[in-house]
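Here is a short report on a two-chain model. Keep the sequence and the 3D view open while you read.

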Amino acid sequence: MYFTIGDYVAGMFIGALTALSVRAAVWPGMDMVIAMLLGMGIGMVIHLVLGLVLSPWLGMFETMMPASVIGMYGGMFFGMRDSMAAGSPTLTAAAIVGMLFGALVVLGVKIYNRALRGAVVDTGD
Amino acid sequence: MDTETQRKWDEASRTFDWLTFADDHRLGPHKRRLFSKIRGATLMVAAGTGNDFKFFPPGQRIIAIDISPKMLERAAKKATAYPGTIELREMDVGALPFPDASFDTIVTVCTFCSVPKPVAGLRELYRVLKPDGQLLMFEHVRSKIGPFGILLDLMTPLSRRLGPDLNRDTVGNVQKAGFRLRREENVYLDIVKIIEAVKG
């Protein structure tokens with residue numbers, strides 16, 4: 001239970017921090033491609049730093065893999081929204097969207113992991 | 001002896017237990033399940049600080065090697081607590097001083113992400129394994145899932161400085177060394193795996 005809750009809290013934290021950081025760097029009217037690339041770069045830096053910090057408490061791969069999706073794809077997504085001024089109107093709303101995105105990614109990775117888990121090769125020897 | 005690798009893992013030994021605390025808890029049951037298959041004369045390669053000794057079934061006679069004397073210093077207490085026999089020896093997997101066909105079981109845990117010449121190391125394991133012996137591995141490998149694989153490639157130059165590579169094809173390396181896969185199991189995504197192999 002500790003690890004399950006920890007996974008979601010970590011994902012939500014990384015999502016919120018990515019959303020707020022991208023909001024600080026991207027302004028409405030910015031070229032969307034540049035905004036998305038900038039957002040992805042910011043997200044990757046955040047996921048690398050926080051992933052390393054959180055790994056001892058939550059496990060290296062269980063932290064880094066969802067964090068990478070949140071950072072890379074979330075950063076692009078938030079950058080796109082903010083450049084179009086289609087993003088959340090307040091910082092609180094942006095943080096909430098980031099948290100929701102983070103939680104959804106963690107859930108998605110857990111479901112994907114469940115699908116992949118198990119024998120790939122088993123000769124029965 | 002590969003002194004560069006030895007120095008890296010001597011350094012890593014200071015924080016190793018702390019960094020692997022969560023992994024031990026999350027992955028421990030899978031390791032215990034794998035190690036329940038241990039039989040006969042057993043070699044553990046890269047014992048580290050001995051964190052995995054607690055997952056061994058009791059009553060075994062195991063030789064546990066590591067390239068890092070600092071790691072082995074930390075492992076000594078855990079080896080004493082094991083309800084069986086664990087003999088610790090400083091050794092490089094690339095040059096094992098054992099005769100051919102010495103072991104019934106060889107165990108590795110997150111080892112071949114770090115061995116500089118993995119296929120050569122695995123060939124050495126092939127040599128010291130008995131013809132009917134088994135290789136039991138708990139390893140992390142490069143993901144074949146696009147974004148995860150790219151991420152592991154990007155992180156490897158950094159992780160290599162502190163410890164392991166994150167993008168090794170250990171399943172392929174096991175086969176290149178001459179082993180035949182008996183079982184391959186995904187433990188976390190397609191990154192953390194149980195690999196069981198026998199002589200081909």
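## Where the chains meet

A:Val121 has B:Glu184 as its bridge partner in strand 6 of chain B. This is a predicted model.

## Chain B as a whole

Chain B has 7 helices and 7 strands. Read from the N terminus, the order is α-α-α-β-β-α-β-β-α-β-α-α-β-β. Its C-alpha atoms fill a box of roughly 45 × 40 × 35 Å along the principal axes. Why call the chain a compact globule? With 200 residues, such a globule would have a radius of gyration near 16 Å, and chain B has 16 Å, so the two agree. Of its 200 residues, 47% count as buried. Take the contacts in chain B with a separation of 6 or more: residues 24 or more positions apart account for 69% of them.

The table gives each one with its bridge count.

| Strand | Partner strand | Sense | Bridges |
|---|---|---|---|
| Strand 1 of chain B (residues 42-45) | Strand 2 of chain B (residues 61-66) | parallel | 4 bridges |
| Strand 1 of chain B | Strand 4 of chain B (residues 103-109) | parallel | 4 bridges |
| Strand 2 of chain B | Strand 3 of chain B (residues 85-90) | parallel | 6 bridges |

In strand 4 of chain B, B:Thr42 stands opposite B:Thr105. One strand over, B:Ile65 stands opposite B:Arg89 in strand 3 of chain B.

In a regular strand, side chains alternate between the two faces of the sheet. Are the two faces of strand 1 of chain B covered or open? Both are covered: B:Thr42 and B:Met44 are buried on one side, and B:Leu43 and B:Val45 are buried on the other. Strand 2 of chain B is largely enclosed by the rest of the structure, because 5 of its 6 residues are buried.

B:Asp66 lies in strand 2 of chain B. Is B:Asp66 buried or exposed? B:Asp66 has 27 other C-beta atoms within 10 Å, so it counts as buried; the cut-off is 20 or more. Leaving aside neighbours within four places in sequence, B:Asp66 is in contact with B:Ala46, B:Ala47, B:Gly48, B:Met71, B:Leu72 and B:Glu90. B:Gly48 is 18 residues away along the chain, yet the two C-alpha atoms are separated by 6.4 Å.

## The nonpolar core

The largest nonpolar core has 91 residues. Those with the most contacts inside it are B:Val45, B:Ala47, B:Ala64, B:Ile106 and B:Leu135. Helix 3 of chain A gives the most to this core, with 11 residues. Beyond four places in sequence, B:Val45 is in contact with B:Ile65, B:Val93, B:Ile106, B:Thr108, B:Thr111 and B:Leu125.

## Helices of chain A

A:Ala67 lies in helix 3 of chain A, residues 60-83. With 34 other C-beta atoms within 10 Å, A:Ala67 is buried. Leaving out residues up to four places away, A:Ala67 touches A:Ile14, A:His47, A:Leu50 and A:Gly51. A:Leu50 is 17 residues away in sequence and 8.2 Å away in space, C-alpha to C-alpha.

A:Ile14 is one of the buried residues of helix 1 of chain A; also among them are A:Asp7, A:Gly11, A:Leu17 and A:Arg23. The buried residues of this helix pack against helix 2 (32-58), helix 3 and helix 4 (91-116) of chain A. What span should helix 1 of chain A have? At 1.5 Å a residue, its 24 residues should span 34 Å; the end C-alpha atoms are 34 Å apart, which agrees.

Conventions. Residues are numbered from 1 along each chain as its sequence is written. Chains are lettered from A and ligands numbered from 1 in the order in which they are written. This is a predicted model: local features need pLDDT of at least 70, side-chain atom pairs count only at pLDDT 80 or more; totals for chains, interfaces and linings use all residues. A residue is buried if 20 or more other C-beta atoms lie within 10 Å of its own, exposed if 12 or fewer, and partly exposed in between; C-beta atoms are placed from the backbone. Two residues are in contact if their C-beta atoms, placed from the backbone, lie within 7 Å. Two strands pair if DSSP finds at least two bridges between them. The expected span of a helix is 1.5 Å times one less than its number of residues. A nonpolar core is a set of buried Ala, Val, Leu, Ile, Met, Phe, Trp, Tyr and Cys residues joined through C-beta atoms within 7 Å. The radius of gyration is taken over C-alpha atoms; the globule rule is 2.2 Å times the number of residues to the power 0.38.
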